[in-house]
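Please open the structure in your viewer and keep the selection panel at hand.

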Amino acid sequence: MTIPELTDVHAAWLPPEAFRAIGSRRTLVRADGPLAETVRAEVEQARARYGSAADGPYDLVLSLDAAESADGYAIARRDGVTTVTGGDPVGLLYGFFHVVRLGEAAFGADRETEHHRPAMRRRMLDHWDNIDVHPVMGQVERGYSGGSIFWDKGALRADLTRVRAYGRLLAASGVNAVAINNVNVHATEAHLLTDRLGEVAAIAAELRPYGIRVHLSVNFASPIALGGLSTADPLDEGVRAWWARTTEQVYATIPDFGGYVVKADSEGQPGPFAYGRTHADGANMLAEALAPFGGVVHWRAFVYNHRQDWRDRSTDRARAAYDHFAPLDGRFLDNAILQVKHGPMDFQTREPVSPVILEMRGTRLAVELQVTQEYTGQQRHVCYLAPMWSEILAFENVAEAGDLVAVSNVGDDRYWTGHPLAQANLYAFGRLAWDPGLDPAAVLDEWMDLTFAWPGESLRRTLHAMMDGSWRTYERYTAPLGVGFMVRPGHHYGPDVDGYEYTPWGTYHFADRDGVGVDRTRATGTGFTGQYPQPWSDVYESLERCPDELLLFFHHVPYGHVLHSGSTVIQHIYDTHFAGADEAAETRLHWEKLAGAVDPDLYARVKERLDEQVRCAEEWRDQINAYFFRKSGVPDARGRHIP
């Protein structure tokens, strides 16, 4: 087992200095097998770098105990010895990285036994990577960090050292599954299931030493595209036999293969609707093929009419997932997992939790987040997303979902995520998938301690000042009060208030001279509020009880409507957009004080991104305020300049 070391790529949250506490002490690993060898190799590398003796008496002992849960571990310290006990080898690996997180604190005062086990069975990242560069979406769809770490120029990368380093980073944060290709499966990528399966196996071999299973996005119409069949009907025996044979071959090549990810009957992707079948029919066909091998299918619930008539206010994209899937609750096989976006629309800066998650208690669910910042600044803006995810995961039964999945924000950029501070989102996803109850500020502390090797208080305070409230800062200078979108069509970066208003995508704000917002009430609107259980159905229905931050998602209101805050809607729009732009400028000032205190190249990259954030925030402020001033004719009560 070789620990990956990259000299031209940022070490993210696993720099050599993070292993100093372990490397300067004597450690014993009492376990066998491939993952135990990973732990042993990590210990040996740290010991070689920091010079501890090779044998006892030991300061750290890592061993196995079947009494601990799968993936789980216990940590304790007494009589000068720190012990980590894994329920299985991967649990031992997670326990080792827990010691890395603690640093010197792992070897201080006695510590009562703490048991740690993951809340989510699968803690999974979906890569939207393409093998071929797509003419519109590029090599990584919604990728803001360069090209794919897996493929280059239409072929698997010859050197996969970086893939192993990626697996190491993910294991250190608790991630245990990766889907390696785009859910929009194009012609070349479809062949990963068959004649290019060797590439999937090569990637799996690099991730396996860190306990990460590979999953594959597949084309529902693969029996036609790859198998020469005339149909992909999920109830056709020939189709079912083709999937069974193909899946058997996948597992013969990759015995620990995780399963399939499917986007079907959505945005032009083929699916069971073509044959008059349901999503349960399609998902269950694949689940049956995977079941003999312990695999799962993640079937995405992102299904809606993307050819909507904007004149028709009765059609509501927010309703679509529930309308399609709620009637199918209880009809999916146990290894068919419905993957539901956390909100009913599309990863907006502010959405309510999807009612599908609250309703479908008889179906295994995966909640889907978006680490890549498609609608939250595209890794050009500081936007620490853990506070938003924490709110989502704390809502009702969301954290009871078996899987937490997110779209990855990683590319072949030197800093992995383009913006160095966006690494914190990737780290936080893994940690919150492990324990949804973690405090986002504490998770940020963990990331800072590792990335900057236990920084001084000045750096810590500065990064907290920049990042703790950055999601709400971004919300302030973009779309207000839950209305959503207002972005440039296509690439989704920067303001364009009416960019999607008269399009078929169903993403409207309905602003006119009198008011703004989408009426989704049962009384006078689309009835979307009725998809929620009580008390939320009535809370969202009521103008008086609806939370301010979601008001325009659920209601069309006059500009003079008074919020719970005491401000009118129009004045709230003005105030927050001025404040958000000012906060972006303050964030840049905080960073400028760190000149000379952090690595010069990292400082320069963040400074360049902050310059763009300040420019873009001012553009958002001016366009949003000007638009609503011209619509409403209501001046800013504070007399500030609006273009």
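Begin with the largest pocket, whose volume is about 480 Å³. A pocket is an open set of points on a 1 Å grid over the protein atoms alone, with protein on both sides within 12 Å along at least five of seven lines, and a lining residue has an atom within 4 Å of a point. Points are joined across faces, edges and corners, and a volume is the space filled by probe spheres set on them. This is a predicted model, in which local features need pLDDT of at least 70 and side-chain atom pairs count only at pLDDT 80 or more, while totals for chains, interfaces and linings use all residues. Residues are numbered from 1 along each chain as its sequence is written, and side-chain values use heavy atoms, with hydrogens and water left out.

Select M137, E141, R142, E267 and W505, which lie nearest the centre of the largest pocket among its 25 lining residues. The lining comprises 9 nonpolar, 7 polar and 9 charged residues (Ala, Val, Leu, Ile, Met, Phe, Trp, Tyr, Cys and Pro count as nonpolar, Asp, Glu, Lys and Arg as charged, and the others, Gly among them, as polar).

The largest cavity holds about 140 Å³ of space. To find it, select V483, G484, F485, T507 and Y508, the closest to its centre of the 19 residues that line it. Its lining divides into 10 nonpolar, 5 polar and 4 charged residues.

Now select residues 34-50, helix α2, and residues 89-102, helix α3; their axes lie 8 Å apart at an angle of about 20°. Helices are DSSP runs of H or I with at least four residues, numbered from the N terminus; axes are lines fitted to C-alpha atoms over the stretch in contact, and angles run from 0 to 180 degrees between N-to-C directions. α2 and α3 are therefore roughly parallel (the term covers angles under 35 degrees). In their contact (heavy atoms within 4.5 Å), α2 contributes L35, A36, T38, V39, E42 and V43, and α3 contributes P89, V90, L92, L93, F96 and F97. This contact has 10 nonpolar, 1 polar and 1 charged residues.

Finally, select helix α12 (residues 386-393) and helix α13 (residues 423-434), whose axes come within 10 Å and cross at roughly 20°. Here A386, W389, S390 and L393 of α12 meet N425, A428, F429 and L432 of α13. The contact contains 6 nonpolar, 2 polar and no charged residues.

Technical notes
On a 1 Å grid over the protein atoms alone, a cavity is a set of points where a 1.4 Å probe fits but cannot get out, and a pocket is an open set with protein on both sides within 12 Å along at least five of seven lines; lining residues have an atom within 4 Å of a point. Helices (H or I, at least four residues) and strands (E, at least two) are DSSP runs, numbered from the N terminus. Angles under 35 degrees count as roughly parallel, over 145 as roughly antiparallel, 65 to 115 as roughly perpendicular and the rest as oblique.
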